[in-house]
Amino acid sequence: MLGPGIAWYLGVSAFLFGVGALGVLLRRNPLIVLLSLEIMLNGANLALIAFSRHAHNGAGQIFALAVMAVAASEVCVGLGLVVAIHRRNLELDVDRLSELRG
Amino acid sequence: MSPGAWLCLFAPLGGTLAITLAGTRIPRAAAGWISTTSVFIAFGGAVWSFFGLRAHGSGDAHISNAWTWLQSGAFKVGLSVLVDPLSTMMMLIVSGVSALIILYSIGYMHGDDEERRYFAYMSLFVFSMLLLVEGGNLLILLAGWGLVGLSSYLLIGFWHERPSAVAAAKKAFVMNAFGDATMALAFFVIILHAHSLDFTPAFHVHLSGTAMNLVVLGLLGGAAAKSAQVPLHTWLPDAMEGPTPVSALIHAATMVTAGVYLIARTHPLFEQARTVELVAAGMGTLTLLMAGLIALVQTDIKRVIAYSTMSQIGYMFLGAGIGAYANGMFHLMTHAFFKALLFMGAGVVIHALGGEQDIRKMRGIGAHMPKTKWLFLAGSLALVGIVPFGGFFSKDSIISATLNLGWYGWVFWVAALVGTFLTGVYTFRLYFTVFTSEGDAHPHHAAGSEGPWTMMLPVAILGVLAVIGGWIQFSPLWHPLTDWLSPVAATLHVAEPTNTQEYVTSAIAVVVGLAGIGVAWALYGARRRREVPSVPALQRTLEHKFYFDELYDALFYKPSVAVATWWRRDIEEGFVLPAGPDVGETAFDTGRGVGRLQTGLLRTYVFFLGTGMAVLAIVFLLVK
């Protein structure tokens, strides 16, 4: 097979996932949190496609397409929430949005 | 022909969905027309299937499978419809009569607060009933069976602000659920041994005598509950709380006859348990006598007709139980016509009197409603079985089919003839009291019109059908219906009477029926109204409907209330309530402790989630 081995792809995928996870954990702006979520999803997508190539099985690519569709809808909802929060003049800070605290 | 069957099945469901989704965006009147149109389309589909099947020869049975609905190992159930002589006959009856009755409802329900809901339910019912009769395997049949129970529940309780309607709906549902359960148990046994619920393998299942008896008893339980046969009959009279067209459609013409369809459909099983099959015939006989007696003393017009329905289904059970399936189905058809006619005729009167259902307050209405009077008379004559009305052809052939069965055949024969006499008396007691006696009842709305055309047209069509519908078959001379059904439900040899037996029985039945009418005339006729002879003990028994409600009350309701009361007094108030405060405190403390875990910070949640996943992943790797 041409190109680098599957380990490289998985490495990049894990790196993307880690960057995204750190972003979700550490950043407080919901916009950036959503953006980091997208990076995590794309890391997972990369792994799916790499395995799909590796195993000569198209199912992984179909999954990746499905993930993209879900991600797109999720971003729509997320951005909608961000806009709604902004309209109500609330602070855009995920730590302040904690009304469910026990 | 299969496309016709699918169209027939899904058109009414489309009607339901259209009315439900359109909601208040469409005017109320539109809902009725959507429902009517969808059911007329279904009738078109049924006609299409019928002619398709005729072109192929009626020996064919076509199963059309849409997709695999359920799979578990080798056991597979498809969403499939069956087109064969029996199912096309039921499709034609169900969709045809439903279409007329829903058209009638447009006039009857006009001005009701929740017309849209009513018509959505009606279409749903038609869909369920068609699913039941078209189902290509026993599971689809059971699904339809349950759905008609649901729509019947919804429609009996349609006027949900009336406590009596809600109670009646619950009663019907519980009794039917009992039948559904026994049927499901029978199906489990069939799955265990035949590994399939398709008709052909299921009907050739090999079982021991006892197991087969139990399976067939389970099926019979379902059939008896749905068809209101003794001892599962008490829900049907109460079901008259629903609107009158509902009574005409569900509790007279279609749903309650499903038990007869079930016996005809699963007759290969019933024939392997002949004793149980004869129990079905005995049950029918008992029901037709009891219901006929109770109908003599009822004063609510709809309840009289309801008991008459039970009695007529008793005849169908008798026919199907002795093996004369085609005769049972034939009576099902003519009964659908004349009983729907009687209910709708009663509906016209009730509508004109603004909801009055007591026949003693209807005296004299006949003078104002000549058309209804004549149509009701046609329906009554068909019910009693007078030549040449519908019931004559179908009922008498059932009675004569009992003659070759030995001593119990004679019992059935005599009981069925006594039933005919009772039919004559109670039917014409109703007719003479309401339509020919003198009284001061008069319609609430303007004179000259008995009802809107949407009501009168279906009643007139059914009136014609009640008169000529039976001519299709006169067993000694021509029997196209028996021939049509013979590939699916061939009449047993023992249930085939000779021509002489048929002629003699028919003659006796007509004489007995006329005698019944004569007695009714002597007692309730207009000019010679006499004091009705009264036997207080008997009358009280009949007015209490043979004490079945009281019996079930004492057997099931009172013991469970007693157990519940004891449970509350000795267990709950004795132990649970005193322990309450401690239990409460502990729960509060635990809650507060756990509550601290809820920081409300998204990042901690994500952190715990991620850590948990990582730990699990590592554990799995190590264990493997």
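Contact is taken here as heavy atoms within 4.5 Å. On this basis, in the predicted model, the contact between the two chains draws on 12 residues from chain A and nine residues from chain B. About 850 Å² is buried between chain B and chain A, and carbon and sulfur atoms give 59% of that area. Of the area that chain B buries against chain A, 54% is supplied by Gly600(B), Leu602(B) and Arg603(B), more than by any other three residues. Helix α24 (residues 602-623) of chain B provides four residues, the largest share of the side of chain B that touches chain A. By class, this side of chain B has four nonpolar residues, four polar residues and one charged residue. Zero salt bridges were found by the rule across the interface of chain B and chain A. The rule likewise found zero residue pairs in polar contact across this interface, with both residues required to be at pLDDT 80 or more.

Within chain B, helix α18 (residues 407-436) has 30 residues. The distance from the first C-alpha of α18(B) to its last is 42 Å, close to the 44 Å expected at 1.5 Å a residue. Helix α18(B) is largely enclosed by the rest of the structure, because 22 of its 30 residues are buried.

Thr244(B) lies in helix α10 (residues 244-253) of chain B. The relative accessibility of Thr244(B) is 1%; residues under 20% are classed as buried, so Thr244(B) counts as buried. Apart from neighbours within four places in sequence, the residues in contact with Thr244(B) are Tyr108(B), Lys302(B), Phe343(B), Gly347(B) and Ile350(B).

Technical notes: Residues numbered from 1 in each chain as written. Chains lettered and ligands numbered in written order. Predicted model: local features only at pLDDT ≥ 70, side-chain atom pairs only at ≥ 80, totals over all residues. Heavy atoms only, no water. Buried area = accessible area lost by both parts, 1.4 Å probe. Salt bridge = Lys/Arg side-chain N within 4 Å of Asp/Glu carboxyl O. Polar contact = N/O pair within 3.5 Å; in protein donor to acceptor, adjacent residues only side chain to side chain. Helix = DSSP H or I, 4+ residues; strand = E, 2+ residues; numbered from the N terminus. Nonpolar A, V, L, I, M, F, W, Y, C, P; charged D, E, K, R; others polar. Expected span 1.5 Å × (residues − 1). Buried < 20%, exposed > 50% of the residue type's maximum accessible area, 1.4 Å probe, protein only.
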